[in-house]
Amino acid sequence: MTKLSCAYATASAPAIAEFVGRHFKLEPIASCRLLRRGFNDLYAIAAGDRRFVLRLSRYGRRRRSDLEYEAGLLAHLSSQHVPVVTALGGRNGRYAQAARYPEGTRFALLFDFIPGRDPEETPSDMYAQGDTLARMHAAAAGFASRHDRFHLDLDHLLNRALAALDPLLDNRPDDRAYLAAIADRLKELIASRAPALSWGICHGDSHGFNARIGADGVATLLDFDDGGPGWLSYDLACWLWSARAFAPARRVLWKAFIDGYRRRSSISSCDLEAVRVFVPIRHIWLLGEYAAGSVAWGTSWLDAWFDRQVVFLRSWEDEELADPLGLC
């Protein structure tokens, strides 16, 4: 019988329960279930009267140092009274725990479960997230780590994305050429603005739903997996990108999100104007993430889905880059 290599294995819930019990000091685990698999695998865990979420990074997507940086950042933000999810340290004194899979070693973080509710498409919930994001940006300015973390620069957001997409576009030469051309234009636009843009630590995925809303209306930010040092304007753009690319009706909530941010922090005109440039950069990054993940989940999604994303990029370039509509 031929032994085949594995691109993406999914651990059973009992196996994860045993893994968590071995690596973390918890009360006996009462239940464990798989929430979802994809960019990462998420498991819901109950132990005693506490609940947790285990996040397992897909093989090769994150290094141990990336997770240690993230967990350390969350601990710093929490110590500064910023409402964010926090990670638990393991028995070995590390946050990131290694799990052996058929495809190779993957790294895990265990988070406390955050009570509250999912955000709704309301001005108050978007205002709350803008408020907390501004608090996070300010508090993160005092964070330093000995652990290496990827930067949200143009190499990470554009070059890596194009490299992941390239093998999938052999039958789409026009789209390949367009993506390369718009990426070059976007790089030029950022390069011309870079000296005036604010750089700091970003959440990296602040699209409006990576939060929990407490009974007091405060937004606790979740899922810093895509965050790291980068342009703060990119964090603002993630929200607008999500609304415009996937839920255009939410555009009216942009003001509430920005007003919430401005409650805690000012935004320079240069940072705000650059949002329209970072929106298509974020979109290309997402295309690259899907392309990189296709090794695990296949390519049947590519054609129809990719067609829609290229239409969005072309429309955004025509309407907001060539002839801005006063978006900000």
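## Lining of the largest pocket

In this predicted model, strand E2 (40-47) is the element that gives the most to the lining of the largest pocket. Its share is five residues.

In total, 41 residues line the largest pocket. Those that lie nearest its centre are Arg36, Leu42, Asn210, Leu222 and Asp223.

## Volume and residue classes of the largest pocket

The volume of the largest pocket is about 1,100 Å³. Its lining includes 21 nonpolar residues, along with 15 charged and five polar ones.

## The second largest pocket

The second largest pocket has a volume of about 430 Å³. Its lining is made up of 20 residues. Nearest the centre of this pocket lie Arg58, Gly60, Arg61, Arg160 and Ala292.

Two or more residues of this lining come from helix H4 (154-165), and two or more come from H8. Of the elements, H8 gives the most to the lining of the second largest pocket, with six residues. Sorted by class, the lining of the second largest pocket holds nine nonpolar, eight charged and three polar residues.

## An element found in both linings

Technical notes:
Residues numbered from 1 in each chain as written. Predicted model: local features only at pLDDT ≥ 70, side-chain atom pairs only at ≥ 80, totals over all residues. Heavy atoms only, no water. 1 Å grid on protein atoms, 1.4 Å probe; cavity = no way out; pocket = protein on both sides within 12 Å on 5 of 7 lines; lining within 4 Å. Points joined across faces, edges and corners; volume = space filled by probe spheres on them. Helix = DSSP H or I, 4+ residues; strand = E, 2+ residues; numbered from the N terminus. Nonpolar A, V, L, I, M, F, W, Y, C, P; charged D, E, K, R; others polar.
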